[in-house]
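Have the sequence and the structure open as you read.

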Amino acid sequence: MIALSASGLCKSYGACEVLKNVSFHLDRGDRVGVIGANGAGKTTLMNILTGQIAPDEGDFFVAPGLSVAYLKQGGNFRQDGSVYDEIMAVFGGLVAIEGELDGLSREIAAVSGGGGDTAGLLAAYDALTEEYRAKNGYGFRSEIKGVLGSMAFSEDDFGKKVSTLSGGERTRLALAALLLQKPDILFLDEPTNHLDIGMLRWLEQYLRNYDGTIALVSHDRYFLDQTVNRIFEIESHALHVYEGSYSAFAEKKRARRKAENELYERQQREIRRQEDMIRRFRQHGTEKLAKRARSREMQLSRIERAERPEGESARMGLRFRQNIRSGGDVLRAEGLSKGFGCGAARRELFSDVDMDVKNGEHICVVGANGTGKTTLLKIMGGAMQPDGGWLRLGHNVEIGYYDQEQELLVDERSVLEEMTSSYRLYSETEMRGMLGRFMFRGDAVFQRTGSLSGGERARLSLLKVMLSGANLLLLDEPTNHLDIVSKEVFEDALCEFPGTAIIVSHDRYLLNKAPSRILELTAGGLECYLGGYESYAAKKEALASEKNRPAAPAAPAGQDAGRRGAAGQTGGGTSDAAESRRRSKAEQTELRRREKRLAALEERIVDMEGRVKALEEAMCGEDVFSDHALLLEYGERLRSAKTGLEQAYEAWIEAQS
């Protein structure tokens, strides 16, 4: 059943056309991912469908009786309201029913005490109670705590004023309020911004189980793979519909582009062949051949010519270089700790952080929001000092730092001035050429950096890091504001970088592709996990399962000793030589069986270790890295091999006892 349909939507801003003749429909239960380059018109489409702006042409219709909600970055909250008060506003109807029930309860008590008839009041109370129960009146407060907890709001945060919240906290609060409304059609614009991996996984599970229809704008490819069953791509003002996940879309789009190019080239070859024949017929000058030439011309004019396929969207020309090679030991740290505030208000971020980074390593740092990942990166870059411990850089280490908020950009400068002020040896022509590779073309180089979009500021900051020639890159959420095409370019450039990189990121596609190991930051230090995200997630799940596994019950005191005593009495009470020989033979048989089993298990362990190593090496290969489906397949095989290895170790330990 159709939940929403749109027909012929068009939207322009002045002479700039954004959407042209966009038509589609959403079925009930659909989960649609809306993708496209920055500025393609994704948010414009969302604003049209939610009534924020009107289209220039076309119409859209929502099925009668369906409610619609839209995630607005920052939310429409009262600045003097608390976190809990603003969320409670979502359930104003239930709070009103509670007030009515309380009033009826008092009235019933008063009438009953005066000897009056309370039948009508009791019937009204029962009806209102049933309505309250049906609307989850007895559980909505627990639901509020659960959703807020999943959005990283502790109960201590419930009393915080909205005016004191950061931009990320406001976005998470807006998302929590929207999810608690449970509309029939849910529109989400970049819902994954400011969410750590734990929150992302919770949100993915929540949306998979959501009863309504969902349309979301996102550049998070992993998130799209986990949540959507259709992809709407906005490209060149038009909307293209693909069935399936993001990975299925990427494959289908490649196939579509290939087919369009082949069709166009085949038709162009045939047109050139026909034109060549017409020219030859005319060259001979006979009437018969001239008639044939005219006939072929008529046939050629009736051909429905395929349009030239549009080329790939402009891609950022990114490549990281290092001016000099650093020594083998790039960075070492022991016992790093950091906190903020003093006295009772002091908050410890982390302690006992040890690191040993070698040349050429690509390391990703993950952790929950608020654990201090950005702070740790700033300590590595020398912008901040630790409270305790020490950190040393190796020989010839030069640092290039990318901050996720782009605070190092000066808002009053133009794009060109920002670059020439940092790199004075380049001429204006050379600098404009490099800016052009980063999609700052023409008059765009004279824009003030303060007026740039998030994606434009990100590209400009990445260009500055690229030109720095650093051999140690410290990158804080580098893909946050990039569209999908730019993310892919960045990932390829990072994988080709010969130097050392330490990246803070929640981008699980990047976490699968770039690192040789992942470091998880907690309050108590860093935990190291070899491999990419899939390996990290599998190990985390295995550790969680091991932690939650119930311990074997201990034997009652004295029971083992009693058993041993009984066995000793039985063994010492027989003098039968035949029984002794039988028991000795049985023991030797058991010993041989045990040795044979141990040898088999050791052989299996060696084999499984070799298989794990081979899979990990294969996953580092370019052919696997560049193929998402193959990477997922290898990740699944690696998880299976590691599980088998752990089982073999457990069996070997059990056989030893």
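How many bridges join strand 1 to strand 4, and which way do the two run? Five bridges link them, and the strands are antiparallel. Keep in mind that this is a predicted model.

## Strand 1 and its partners

Strand 4 covers residues 57-62, and that's where Ser7 finds its bridge partner, Asp59.

Strand 1 (residues 2-13) also pairs with strand 2 (residues 16-27), again antiparallel, this time through eight bridges. Look for Ser5 here: it sits opposite His25 of strand 2. The hairpin made by strand 1 and strand 2 has two residues between the strands, and Gly14 takes a positive phi there, near 65°.

## Helix 11 and what follows

Now jump along to helix 11, which spans residues 373-381. Its buried residues are Lys373, Thr375, Leu376, Leu377, Ile379 and Met380. In general, an α-helix has 3.6 residues a turn, so residues three or four places apart point the same way.

## The chain as a whole

Zooming out, the protein chain holds 21 helices and 18 strands. It runs to 657 residues, and 43% of them count as buried. The chain exposes about 34,400 Å², with carbon and sulfur atoms supplying 50% of that area.

As for contacts, take those between residues at least 6 apart in sequence: 69% of them join residues at least 24 apart.

Terms used:
Residues numbered from 1 in each chain as written. Predicted model: local features only at pLDDT ≥ 70, side-chain atom pairs only at ≥ 80, totals over all residues. Heavy atoms only, no water. Buried < 20%, exposed > 50% of the residue type's maximum accessible area, 1.4 Å probe, protein only. Helix = DSSP H or I, 4+ residues; strand = E, 2+ residues; numbered from the N terminus. Contact = heavy atoms within 4.5 Å. Areas by Shrake-Rupley, 256 points an atom, 1.4 Å probe, with all protein chains shown as cover. Pairing = 2+ DSSP bridges.
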